[in-house]
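Welcome, and thanks for taking a look at this one. Here is a short briefing to read alongside the model.

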Amino acid sequence: MDEIIIQPALHNAIGGIVVLAAIATVLLNWRGLATLKTSGGQTSDGTDLPRSPSLGGWRNAALIAFQIALMVQALIGIKLLDQGLGTVQKYVHYLGGLGALGLVMLYYWLPKRDAADSSRKALGLTVASLAFVLMTFVIGGLYARGGLS
């Protein structure tokens, strides 16, 4: 792996994908919570919704895709640090990238009482993770362009 050289532009491109994945995950979780609140716990034909704390297909898929994107971004960042690039902003990347991943992973550790509780926790943690991702993307980009040195 040492002979493979990764360009910083790849890290920036994956960072853009991470930002888009974070926004999509927040929007899906927000929509899921809004749907739960407006339905009043019932389907369109009047039967009760299941009380299962699971999020559902698209929301789970978004969380998984977001976590994979964060992990790929972290691995590329570690490789760039190994190449001697980005040592000045390594703490921004550690806190921002791994902090965002930690927040999303925290969702799976928290107890969930019902679907509404699960949706609130998923939305809150993905919004906090989005804040970390945006902070890291903006500050890392400024460092890369020489705006913060």
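A residue is called buried when its relative accessible area is under 20%, and exposed when that value is over 50%. By that rule, buried residues make up 33% of the 149 residues in the chain. Please keep in mind that this is a predicted model.

**Overall architecture**
- The chain has four helices and zero strands, and its pattern along the sequence reads α-α-α-α.
- Among contacts in the chain with a separation of 6 or more, 82% come from residues 24 or more positions apart.
- The chain's accessible surface is about 8,900 Å², and carbon and sulfur atoms account for 69% of that surface.

- Ile64, Ile68, Val72, Leu106, Tyr108 and Trp109 together make a nonpolar surface patch of about 630 Å².
- Helix 2 (57-82) and helix 3 (90-109) are the elements that each give two or more residues to this patch.
- Trp109, one of the patch residues, is found in helix 3.
- Trp109 has a relative accessible area of 73%, so it counts as exposed, given the cut-off of over 50%.

**A buried serine**
- Is Ser119 buried or exposed? Ser119 is buried, because its relative accessibility is 2% and the limit for buried is under 20%.
- Ser119 sits in helix 4, which covers residues 115-145.
- Setting aside neighbours within four places in sequence, Ser119 is in contact with Leu33, Leu36, Leu55 and Arg59.

How values were computed
Residues are numbered from 1 along each chain as its sequence is written. This is a predicted model: local features need pLDDT of at least 70, side-chain atom pairs count only at pLDDT 80 or more; totals for chains, interfaces and linings use all residues. Side-chain values use heavy atoms; hydrogens and water are left out. Patches are made of residues with over 30% relative accessible area and no salt bridge: like charges are joined within 9 Å, nonpolar side chains (Val, Leu, Ile, Met, Phe, Trp, Tyr) within 5 Å. Accessible areas come from the Shrake-Rupley method with a 1.4 Å probe; for residues, only the protein chains shown count as cover. A salt bridge is a side-chain nitrogen of Lys or Arg within 4 Å of a carboxyl oxygen of Asp or Glu. Buried means under 20% relative accessible area, exposed over 50%, partly exposed in between (1.4 Å probe, protein chains only). Contact means heavy atoms within 4.5 Å.
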